[in-house]
Amino acid sequence: MKRIAVLTSGGDAPGMNAAIRAVVRKAISEGMEVYGINRGYAGMVDGDIFPLGSKEVGDKISRGGTFLYSARYPEFAQLEGQLAGIEQLKKHGIEGVVVIGGDGSYHGAMRLTEHGFPAVGIPGTIDNDIAGTDYTIGFDTAVNTAVEAIDKLRDTSSSHGRTFVVEVMGRNAGDIALWAGIASGADQIIVPEEEFDIEKVVSTIKYDFEHKGKNHHIIVLAEGVMSGDAFAQKLKEAGDTSDLRVTNLGHILRGGSPTARDRVIASWMGSHAVELLKAGKGGLAVGIHHEELVESPILGTAEEGALFSLTEEGKIIVNNPHKARLDFASLNRSLSQ
């Protein structure tokens with residue numbers, strides 16, 4: 001394989017640029033040419049493809065976001081969109097693709113491989129919710145950003161004796177809430193993977209203020225449960241009388257310079273993805289498990305270790321879906337007594 005391309009797709013995540021840099025420089029060291037594709041699969045179909053050299057990725061390792069931009073392009077799930085993208089790859093002489101993104105991005109990588117263009121996926125999302133890996137690129141940075149914000153909110157919360165509901169991103173996963181909550185000493189953490197009793201949440205708030213002498217109360221809420229405003233409304237309906245405020249950290253968690261861990265993981269995964277393509281392997285997703293790199297088939301059977309399977313009707317099934325560490329939820333309850 002002499003010429004490959006790299007793209008980012010779906011939500012951006014700190015560390016994507018570090019992964020792009022690793023792909024480019026590793027490929028060059030292996031005697032390969034690299035092309036960048038702007039705006040993910042949408043850019044592939046539009047032919048927004050250009051050469052990338054070592055100079056173009058210089059100083060990118062510390063930048064958040066993705067300099068290749070990102071876009072959601074559901075049309076690539078259809079054969080017509082796939083063939084249009086492949087036509088552009090052929091036009092530029094590209095033989096393989098590294099795809100940095102989430103589940104939907106992986107599905108596109110699998111389709112490219114099926115059409116004879118080996119593609120390798122790298123998990124890039126702050127949500128940490130992709131099967132086949134313990135950690136995704138961007139998760140560590142997002143948690144650190146959330147912790148810094150919660151630490152600051154605690155200062156003002158303590159000054160006024162307030163309760164703060166802090167909503168964090170994560171899609172349908174509670175990983176960011178759990179890790180950031182423990183690291184910031186949150187009083188309560190609410191995640192979609194675990195049921196909660198709103199009356200018990202209220203009684204805990206009251207007990208902390210009235211019997212433990214606390215001058216603040218921090219609740220970290222994962223967005224997959226409900227919005228912070230909706231949760232605050234439920235607290236009031238359940239009898240909460242504290243001075244309540246809501247802060248939604250929102251997309252601030254996606255931005256900023258990536259942490260050292262995210263830079264290293266991204267560099268490690270990007271380099272390995274190139275090695276797989278050089279060996280002619282595609283339809284695989286790179287991950288990290290027990291601090292070691294692994295690769296898994298994107299599509300296949302659960303017995304094969306594949307991330308996804310297809311039913312006879314063509315419905316996608318996630319094999320061994322990601323699970324948040326609910327032992328961390330128990331840990332936080334024991335530490336917030």
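Predicted model: local features only at pLDDT ≥ 70, side-chain atom pairs only at ≥ 80, totals over all residues.
## The seven-stranded sheet

Seven strands make up an open sheet with mixed pairing, and their order is β3-β2-β1-β4-β5-β10-β11. At the edges lie β3 (49-52) and β11 (292-297), each of which pairs on one side only. Direction ignored, neighbouring strands of this sheet are turned by 30 degrees against each other on average.

Within this sheet, β1 (residues 3-8) pairs with β2 (residues 33-37) in the parallel sense, over five bridges. Helix α1 (residues 16-29) lies across β1, β2, β3 and β4 (96-101). The helix runs at about 180 degrees to β1.

## The four-stranded sheet

A further open sheet is formed by four strands in the order β7-β8-β6-β9, and its pairing is parallel. Its edge strands, β7 (188-190) and β9, each pair on one side only. From one strand to the next the twist averages 20 degrees.

Three bridges join β7 and β8 in the parallel sense. The bridge partner of I189 is V220, in β8. Helix α5 packs on the sheet and touches β6, β8 and β9. The direction of α5 makes about 165 degrees with that of β6.

## Helix α5

Helix α5 covers residues 139-160, which is 22 residues. Just after α5 comes G161, with a positive phi of about 65 degrees.

The buried residues of α5 are F139, T141, A142, V143, T145, A146, V147, A149, I150, L153, R154 and S157. They pack against strands β6 (162-168), β8 (217-222) and β9 (243-248). They also pack against helices α6 (175-184) and α9 (260-278).

## Aromatic pairs

The model has six aromatic pairs. One of them joins F139 and W179, whose ring centres are 5.7 Å apart. Their planes stand at 85 degrees; this is over 60 degrees, so the pair counts as edge-to-face. Because F139 lies in helix α5 and W179 in helix α6, the pair ties together parts that are 40 residues apart in sequence.

Are the two residues buried or exposed? F139 has 3% relative accessibility and therefore counts as buried, the cut-off being under 20%. W179, at 29%, counts as partly exposed. Both residues belong to one aromatic cluster, formed by Y135, F139, W179 and F328.

## Charges over rings

Which ring of the cluster carries a charged end over it? The charged end of R261 sits over the ring of Y135, 4.8 Å from the ring centre. Y135 is also a member of the aromatic cluster with F139, W179 and F328.

Another such contact involves K60 and F67. Here the charged end of K60 sits over the ring of F67, and its distance from the ring centre is 5.0 Å.

How values were computed
Residues numbered from 1 in each chain as written. Heavy atoms only, no water. Helix = DSSP H or I, 4+ residues; strand = E, 2+ residues; numbered from the N terminus. Expected span 1.5 Å × (residues − 1). Buried < 20%, exposed > 50% of the residue type's maximum accessible area, 1.4 Å probe, protein only. Contact = heavy atoms within 4.5 Å. Pairing = 2+ DSSP bridges. Axes fitted to C-alpha atoms, helices over the stretch in contact; angles between N-to-C directions. Phe/Tyr/Trp six-rings, centres within 6.5 Å; stacked < 30°, edge-to-face > 60°. Lys NZ or Arg CZ within 6 Å of the ring centre and 35° of its normal.
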